[in-house]
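The points are grouped by topic and follow the display below.

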Amino acid sequence: MTRPARALICLAALQHNFNRVKESAPASQVMAIIKANAYGHGLVHIARGLPQADAFGVACLDEAISLREAGLGRPIVLLEGPFGADELPLINGYCLDVVIHTAEQVEILEQAQLQRPLNVWLKVDTGMHRLGFEPAAVPGIVRRLGAIGNPGELRFLSHLACADDTADATTGQQLDVFHAVLQELSGARSLANSAGVLAWPDSHFDWVRPGIMLYGSSPLSGRTAAELDLQPVMTLESELIAVNTCPAGARVGYGGDWECPETMPVGIAAIGYGDGYPRHAPTGMPVLVNGRPAALVGRVSMDMVCLDLRSHPEAAVGDMVTLWGEGLPVDEVAEKAGTIAYELLCGISRRVGLDYIE
Ligand SMILES: Cc1ncc(COP(=O)(O)O)c(C=O)c1O
């Protein structure tokens, strides 16, 4: 017997969500964003599960090398570029593409002896003020990058700050800045994240960069994944490892935060914050026991949660508990825990086994 906490990863749902990208942005190439272990879903399996992706976006060299060593030959983009000059030989050796967003990174390229052409995505700060060159600096940076030895293709990207809110004026302003700065420059362009793919067609350009929608979570505030026809890829499950009958007044879990209002069955499921389940999940958080609703009570422990089983009098040790996924949207769980689905999915600990199903 192994500990029953596991995440089922449905590759058919992944493909369905990828098809939603293609339906929404049919003329664009797709850079699938698979950083942070593919948002917790398993880097290599997810890359292999996206045979039509034109490129992959990752956050660091380790992620890119894992993909290459698993035999993935398609373009891989380091979204934050090289973190230092020492990374360049490997970047070049593994044929990786880089985002360049600082003057320091331009200098690294100017001083490098590149063995083969290096494709560069120049990042423009169109208003998010996180990464990228301010628009006025872009023509000068383009000239400098054009002069490096062994240049590959030069492309342009920027990132949307508020695209989840379709009423927010920021996205329109960012689009205007992107158009203006690239008017005189040639090269492929990319702006759209998942929210851009689904809600902002003007942001599609040559490449779209979906992340969260591939995994079946909604990128748009006020819209559910089901409304957007996205399917959950990860279903986080465990099992009941104890079912106790507790008397009225019994206090359950750390701090005795929750008190049984009557004599009742309390289930213990083997999942906790050590697995990535949110410690701030409140009493009343929905879970499914054998596919039917139940609720969490008391504080989340490192490896366990306590469940109110009054609506499951037949529940027994070994019964299945679903924490999110099929039948229980991760967005709903995230909202009730005061966070976002990105954090929950990425936070899945490596001790939770990932099981892939077609
Ligand atoms: C540069 C860049 N592009 C695209 C994405 C994908 O964003 P989303 O997961 O919201 O689609 C990210 C994710 O943070 C990103 O950093």
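Is D257 buried, exposed or partly exposed? D257 has a relative accessible area of 48%, so D257 is partly exposed. The model discussed here is predicted. The protein chain contains 11 helices and 18 strands, and 52% of its 358 residues count as buried.

**Overall dimensions and surface**

- Along the principal axes, the C-alpha atoms of the protein chain fill a box of roughly 75 × 45 × 35 Å.
- The protein chain has an accessible surface of about 15,300 Å², and carbon and sulfur atoms contribute 52% of that surface.
- Among contacts in the protein chain with a separation of 6 or more, 63% are between residues 24 or more positions apart.
- There are 25 positive and 41 negative side chains in the protein chain, and the centres of these two sets lie 2 Å apart.

**Aromatic pairs**

- The structure holds 5 aromatic pairs.
- In one of them, the ring centres of W121 and W207 are 5.7 Å apart and the planes stand at 85 degrees, so this pair is edge-to-face.
- W121 belongs to strand 6 (residues 118–123) and W207 to strand 9 (residues 207–208), so that the pair links distant parts of the chain, 86 residues apart.
- Both W121 and W207 are buried.
- The rings of Y277 and W324 have centres 6.3 Å apart and planes at 15 degrees; the pair is therefore stacked.
- This pair also links distant parts of the chain: Y277 lies in the loop between strand 13 (264–269) and strand 14 (286–289), W324 lies in strand 17 (residues 320–324), and the two are 47 residues apart.
- Y277 is buried, with a relative accessible area of 1%, and W324 is buried, with a relative accessible area of 0%.
- One aromatic cluster is formed by Y39, Y215 and Y342.

**Salt bridges between loops**

- A search of the whole structure finds 15 salt bridges.
- D257 forms one of them with R299, with the closest N and O atoms 2.9 Å apart.
- D257 is in the loop between strand 11 (251–252) and strand 12 (258–259), and R299 is in the loop between strand 15 (292–297) and strand 16 (305–308); the pair links distant parts of the chain, 42 residues apart.
- R299 has a relative accessible area of 37% and is partly exposed.
- R310 forms a salt bridge with E262, the closest N and O atoms being 2.7 Å apart.
- The loop between strand 16 and strand 17 holds R310, the loop between strand 12 and strand 13 holds E262, and the two residues are 48 residues apart.
- R310 counts as partly exposed at 34% relative accessibility, and E262 is partly exposed with a relative accessible area of 38%.

**A salt-bridge network**

- D275 forms a salt bridge with R351, in which the closest N and O atoms are 2.8 Å apart.
- The partners come from distant parts of the chain, 76 residues apart: D275 from the loop between strand 13 and strand 14, and R351 from the loop between helix 11 (341–346) and strand 18 (353–357).
- D275 counts as buried at 1% relative accessibility, whereas R351 counts as partly exposed at 40%.
- Through salt bridges that share partners, R3, D275, D303 and R351 are joined into one network.

Methods: Residues are numbered from 1 along each chain as its sequence is written. This is a predicted model: local features need pLDDT of at least 70, side-chain atom pairs count only at pLDDT 80 or more; totals for chains, interfaces and linings use all residues. Side-chain values use heavy atoms; hydrogens and water are left out. Helices (H or I, at least four residues) and strands (E, at least two) are DSSP runs, numbered from the N terminus. Buried means under 20% relative accessible area, exposed over 50%, partly exposed in between (1.4 Å probe, protein chains only). Contact means heavy atoms within 4.5 Å. Accessible areas come from the Shrake-Rupley method with a 1.4 Å probe; for residues, only the protein chains shown count as cover. Lys and Arg count as positive and Asp and Glu as negative; His and the chain ends are not counted. The place of a charge is taken as NZ of Lys, CZ of Arg, CG of Asp or CD of Glu. Rings of Phe, Tyr and Trp (its six-membered ring) pair if their centres lie within 6.5 Å; planes under 30 degrees apart count as stacked, over 60 as edge-to-face and the rest as tilted. A salt bridge is a side-chain nitrogen of Lys or Arg within 4 Å of a carboxyl oxygen of Asp or Glu.
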